Amino acid sequence: MRSIWKGEVSFGLVNVPVKVYSATEDHDLHARQVDKKDGVRIRYKKVRDDNGEEVEFSDIAKAYESEEGEMVILTKDDLASLPVEQNHEIEVTEFVPADQVDPVAFDNAYFLEPASRSNRAYVLMREALESTDRLAICTFTLRNRTRLCALRVYKDILMLQTLLWPDEIRPAILEGLDKEAKVRPQEVKMAASLIETMAADFEPEKYEDDYQLQLKELIEAKAAGGEAFTVEEREEASDDDGDDEVADLLAALRASVKDRGGKADAESDDDGDDKNSDDDEDSGSAKKTASKKSGSGSAKKTPAKKTAAKKTPAKKAAARKSTAKKSTSSKSDSGSSGSGTAKKSTASKSTAKKAPAKKSTARKTPAKKSA
């Protein structure tokens, strides 16, 4: 690599001679403008505004507009005479906690290499930054700009990370967040469960730039006179705004957790918040999704003839407790069938109530199972 800047990192009375290298590079394929008839490249000419005559590159200078509107030409020597250009120093102004610098402010990254015969001061600064978990806030001039930057440790190397100035970060004024949607606690809990099933250590090496890989494949195929990909016909985009997806949000979260081998806690579906979510219609589809596995999932009450029905557990249901609604069954024609034992539903456990028995001297006997 070739260094782009050479100077010193200074903090207090300590100076660390360093060389600066670009830490990142662009791997994107860049298109060039050509004539579509034969692929010949198109080039731009530098011409004068007044008469359209072409100007050679060697005759082009940089100029800045003054407050009075006059164009002032500045040469490279003029720019090099600025005092800040004379100062080859990365000045550390303060050390701040690492978590106080939001990543949104990070811009370009540069490696710092020891530039002296002894790298003792370099190693000392690296170890001090690591032990304190702080960033060194610095300023220095690079490429005709004064840069605000953070000095930090990256893989045993001192890295200089330029920071955007506060006025370069736009305020987050987004119309889509003017009205906050309401989410229920069980949805948040299920989303957190999904996050836990997808938790992992960050390994950027396992990711690839699919667009660039497919673009290269397309270029090579076109160059060989073939086709790289077959584009299937797509249905026209629907005009809906995605409300159906939002309405089934809880069911989708639960299915995602189960798909990744996690546990979707059915009991978290109903914690009494359903009564307070009249204005949240998102739960409508989610409630209906899981409760169609059994034909008679709801517990039934049937009056017993001279007998009292014992308490029997109801069948577990995958849907909410609220789907197991109580319904009254019609009386038996023969009168021989006693109190029907409630079937086990796949929802939460419910209990059939005791049916009132007629006065009788006979002892209470368990009710027969209704057909």
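The model is predicted, so local features need pLDDT of at least 70 and side-chain atom pairs count only at pLDDT 80 or more, while totals for chains, interfaces and linings use all residues. Residues are numbered from 1 along each chain as its sequence is written, and side-chain values use heavy atoms, with hydrogens and water left out.

The chain has eight helices and eleven strands; these are DSSP runs, H or I of at least four residues for helices and E of at least two for strands, numbered from the N terminus. Of its 371 residues, 23% are buried, meaning under 20% relative accessible area with a 1.4 Å probe, protein chains only.

Now the cores. A nonpolar core here is a set of buried Ala, Val, Leu, Ile, Met, Phe, Trp, Tyr and Cys residues joined through side-chain atoms within 4.5 Å. The largest one holds 21 residues, and Val9, Ile90, Leu112, Met125, Leu151 and Leu160 touch the most other members. Elements that each supply at least two residues of this core include β1 (5–11), α3 (120–132) and β8 (146–154). Apart from it lies another core of eight residues, Val101 and Ile137 among them.

Take Leu151. Beyond its neighbours within four places in sequence, its contacts (heavy atoms within 4.5 Å) include Val9, Met125, Cys138 and Leu160.

Conventions
Buried means under 20% relative accessible area, exposed over 50%, partly exposed in between (1.4 Å probe, protein chains only).
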